[in-house]
Amino acid sequence: QDVLGLGKTKFDNLNVLNDDIETKVLLWESAVQWKELVQAFNETSFNLINVDQIQASLETYQRNVSKIRTLIPLTNEMLSELDSNIKTFAALIPVIVALRNDKLTKNHFAQIEEIIGLKLDLDNMQLKDLLTEKVLDEQKKIIAVSVQVSQEANLKLQLDEIEQRYGELIFPLKSFKEDSPKDSTYILDDCTDLMTEVDKLIVMINNVYGSRYLLEYKKVAADKRKDILILQDLLVEWVKFQKNYIYLESIFSQPEIKKPLQIEVKEFEDTVNKVYKQNMKKIMVIQSVAQLNKQKYIEQYYTTFKRHNDILAELNKKINNFLDSKREAFPRFYLVANDELIQILANYDNPVAVQG
């Protein structure tokens, strides 16, 4: 037909026959190869079991069965047997994966041995030795141990990341009075980035701490969570303190104000300013949050700032009472804000400054 240039005859029945033969050949080959493959897997040493290879082989023969079923009904005895054997072996994959978890330690295998009531000679065992009735009966518990181990390993990685990020935190500081740095202390510079990072760490540690798989590292997570939360509390109290500290320091540093508020000035200097400057010297030298926490300073500073905030609030109240007494003596001062009134009182002997 090719030589004569004639059209080729189509043999539809021959194509059907060819597909049928190829499918049956695939069935027979798959049945034989699968039997040999399972035997090879069963005789493989436990330490040499390649789970990925087993899963890949399983998927290949599952695809073969699906292809064969398009032309041969499942009622076919050989196909039915092959399909059943593959499904039986597939049901074993989860426990095989669990037992070959590379994160399992001797302690974990001891736990598994207790579950199945059987001693596991891992160095000399073959896969068929593991797939015993006792193992299969307890496979859910074995898988649970393996899942626990894997999840704990992931949680440990998250804890390591949190620890690393926490270790990179520093307090951003700047000189309080740049015009006279020798007499100045230090205060927090813009700490928006620091507080944002702390918020992120809180979310991360809460996710870890809230995991139902957190057993072995429960205390580590609890301690780190405590460190991060106390840091957040410290920053809140510190920012609050700094606002009031700067305001009151500007008032008490004026000689004319010191006279009528001698008691308040002394309390500010002795109980707040002195201690604050001492603490800031330590922070300026170290600055690292992790190092300060390691030396037990973070919680100490939080307690100090919280106490000082109470003192500053009381001093603020006393200053307001003092200013109100001036307003009562001279009602026109009621029209003047606190800051302006303080300036007026500080410059009472300088009319030009007051008028300005």
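## Helices α1 and α3

Helices α1 and α3 are roughly parallel to each other, because the angle between them is about 30° (angles under 35 degrees count as roughly parallel, over 145 as roughly antiparallel, 65 to 115 as roughly perpendicular and the rest as oblique). This is a predicted model, in which local features need pLDDT of at least 70, side-chain atom pairs count only at pLDDT 80 or more, and totals for chains, interfaces and linings use all residues. Residues are numbered from 1 along each chain as its sequence is written, and side-chain values use heavy atoms, with hydrogens and water left out.

Helix α1 covers residues 12-42, and helix α3 covers residues 77-90. Their axes lie 10 Å apart. The crossing of α1 and α3 is left-handed. From α1, the contact takes L27, W28, S30, A31, W34, V38 and F41. From α3, it takes M78, L79, L82, N85, I86 and F89. Here contact means heavy atoms within 4.5 Å.

## Helices α2 and α3

Helix α2 (residues 51-68) also packs on α3. The angle is about 150°, and the axes are 11 Å apart. That makes α2 roughly antiparallel to α3. The crossing of α2 and α3 is left-handed.

On the α2 side are I54, L58, Y61, Q62, V65 and I68. On the α3 side are L79, L82, D83, I86, F89 and A90. The contact of α2 with α3 holds 10 nonpolar, 1 polar and 1 charged residues.

## Helices α5 and α8

Helix α5 spans residues 106-116, and helix α8 spans residues 139-167. They pack at about 165°, with axes 10 Å apart. α5 and α8 are therefore roughly antiparallel to each other. Their crossing is right-handed.

α5 brings H108, Q111, I112, I115 and I116 to the contact. α8 brings K141, I142, V145 and V149. The classes in the contact of α5 with α8 are 6 nonpolar, 2 polar and 1 charged.

## The largest pocket

The largest pocket holds about 180 Å³ of space. Its lining is K226, D227, I230, N293, K294, K296, Y297, I298 and E299. By class, the lining has 3 nonpolar, 1 polar and 5 charged residues. At least two lining residues come from each of α10 (218-252), α13 (289-294) and α14 (297-329).

A pocket is an open set of points on a 1 Å grid over the protein atoms alone, where a 1.4 Å probe fits, with protein on both sides within 12 Å along at least five of seven lines; lining residues have an atom within 4 Å of a point.

Key: Axes are lines fitted to C-alpha atoms, for helices over the stretch in contact, and angles run from 0 to 180 degrees between N-to-C directions. Helices (H or I, at least four residues) and strands (E, at least two) are DSSP runs, numbered from the N terminus. A crossing is left-handed if the near helix is turned anticlockwise from the far one by less than a right angle, and right-handed if clockwise. Ala, Val, Leu, Ile, Met, Phe, Trp, Tyr, Cys and Pro count as nonpolar, Asp, Glu, Lys and Arg as charged, and the others, Gly among them, as polar. Grid points are joined across faces, edges and corners, and a volume is the space filled by probe spheres set on the points.
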